[in-house]
Amino acid sequence: MSDGVVVLGVGLHPFGRFPELTIDDLAREAALAALDDAGITFREIEAGLVGRVGGTGPPVGVGTHLFAQLGQHGIPVTNVELACGSSSRALMHAADMIRAGTADTAMVIGVEKMERGMLRVGGASENYASLMGLNVMPAAYAMRAQRHMADYGTKPEHFAQVSVKSHRNAMSNPFAQYRIAITLEEVLNSRMVCDPITLYQCCPTSDGASAVILASEAFARTHTASPVFMRAWAGGSPVYDNGREGEGEGPTSLVAKRAYERAGIGPGDIDVTQLHDAFTPGEILTIEDLGYVPRGQGGPFVFEGGTEITGERPVNTDGGLLSRGHPMGATGGAMVTEIVRQLRRQAGERQVRNCRTGLAQNAGIGGVNVLVFST
Amino acid sequence: MVAAGGTQRVPLREGTFTIPEDGGPPRLCGTRCPSCGATYAGQRVICLGCARRGLEPHALSPSGTVWTFTIVRQQPPGSIMKAPYPIGQVALDDGPIVAAAFIDIAPEDVRIGMPVEMTLVPIRKDDNGNEVVAHAFRRRKEAAR
Ligand SMILES: [Zn+2]
């Protein structure tokens, strides 16, 4: 594939709480790390994209503001907002530019500084949903989980096991927000938030940044002998289903099918996966949507270790949103960073054996993206 | 509609639901496609099924069953509900699935498939002394219908 798109560099600012830092500080550190990783300077970047949802920093023109601190040489800079899926959608558009030949290189910065507390949808004004206590963020995942429990017999401990695994994986990730082991009993006995989701099954609010540099294959061949390709990508938005709100993040199964077709592979070819586990049901529901296990078998599969680093289907090897953290705009780029490190055999203790093809699934309110990578 | 004490009951947001004059149950305002019969919660202009432009108003069925639920354990700011309380999605008898607040259902009693019906809950008095009401769902009282 001579017209391939290569991930030339990846970089992160650690995820966590950094009250003394601005989004400029977070973004700059991730961007410089990615440039160093790629072995190029800012002058060689031909397009910039920024994924960021809101919070602190300039409300308008954040992309140009952030890129201007790296250098100012007139490149087009574009802001992309898709809630928690912002930077993966930005990566798709960057890859489209490179495949179309309008840029040889592009950098995607994802960044967020978040407010403390429970994620809420909508404002605090007197609207129906907030008056009646309906707009509580874990509720959407919890309601999908309840339906899954009723339809397939999935158990609370199946969901809780996702958090146990994520925490263990994050212990060997120096960029993760939570680097502590946690037992199944501790997860199940932590405060119930929205049944069956307990506190330790919710992602934290986080500050952090990611940066990913894409390049044309021709450009990349002059900088690396072992490129990792961004092989296929597909995005989607929700499909109407009688008004059900549970699918508000979009049709992962449909989008995954498109991505597999474009990559010329099937779900059985994926060696490592980073997926959207803002709350633990995310992993169980998504491995079914991705076609890794038949519908309804996600719970037992996870509980029996199927998604462990040493399991049949390693998932969220860096700790996922649950333990690595979830600074919304930065998350997609962090997923891709981990996939690239796995495919380059740079993941240290987290390294998945025989790892040649990886998949990132990143969802936000309003859409979902599936990206496939291979060596 | 006249409530006890002679005051009017007015919806929290105009156009969300109707309160029939004949004392029948309140119904959510929806839309229906005259071409293909598809029924929607809320106000749509274009049919998602057949792309027809111009749908007609349709009062949705006041009864349905619990499609799914959860129990909110942490008190959200600004809500009249007191945690723990159940919330969910209700599959109305004529098709649409709508977000639902539940009234008079204990958290431990809510079940998928439970028959429920629309009801109204008082929110506050407005400047004219009218009672502002919002919709919720309660366990269906078959005998009363
Ligand atoms: Zn129609």
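Trainee: Where is P196(A) found?
Mentor: P196(A) sits in the loop that links β5 (192–194) to β6 (197–198) of chain A. Keep in mind that this is a predicted model.

Trainee: What is the peptide bond from D195(A) to P196(A), cis or trans?
Mentor: Start with the general idea: most peptide bonds are trans. Here, the bond from D195(A) to P196(A) is cis, and its omega is near 5 degrees.

Trainee: What about phi, for instance at A83(A): is the value positive or negative?
Mentor: In general, most residues other than glycine have a negative phi. A83(A) is not a glycine, yet its phi is positive, near 45 degrees. You can find A83(A) in the loop between β3 (77–80) and α3 (86–100) of chain A.

Trainee: Now helices, please. At what angle do α5 and α10 of chain A pack?
Mentor: For a helix pair, look at the angle and the distance between the axes. Helix α5 (residues 138–152) and helix α10 (residues 281–289) of chain A pack at about 60 degrees, with axes 10 Å apart. Because of that angle, α5(A) is oblique to α10(A). The crossing of α5(A) with α10(A) is left-handed. On the α5(A) side, the contact is made by Y141(A), R144(A), A145(A) and H148(A), while α10(A) brings residues including I284(A) and L285(A). By type, the residues of this contact between α5(A) and α10(A) are five nonpolar, two polar and three charged.

Trainee: And how do the axes of α6(A) and α10(A) cross?
Mentor: Helix α6 (residues 156–170) of chain A and α10(A) cross at roughly 105 degrees, and their axes come within 7 Å. Angles from 65 to 115 degrees count as roughly perpendicular, so α6(A) is roughly perpendicular to α10(A). H158(A), F159(A), V162(A) and K165(A) of α6(A) meet P281(A), E283(A) and I284(A) of α10(A).

Trainee: How many helices and strands does chain B have?
Mentor: Chain B has zero helices and ten strands.

Note on methods
Residues numbered from 1 in each chain as written. Chains lettered and ligands numbered in written order. Predicted model: local features only at pLDDT ≥ 70, side-chain atom pairs only at ≥ 80, totals over all residues. Heavy atoms only, no water. Axes fitted to C-alpha atoms, helices over the stretch in contact; angles between N-to-C directions. Helix = DSSP H or I, 4+ residues; strand = E, 2+ residues; numbered from the N terminus. Parallel < 35°, antiparallel > 145°, perpendicular 65-115°, else oblique. Left-handed = near helix turned anticlockwise from the far one by under 90°. Contact = heavy atoms within 4.5 Å. Nonpolar A, V, L, I, M, F, W, Y, C, P; charged D, E, K, R; others polar.
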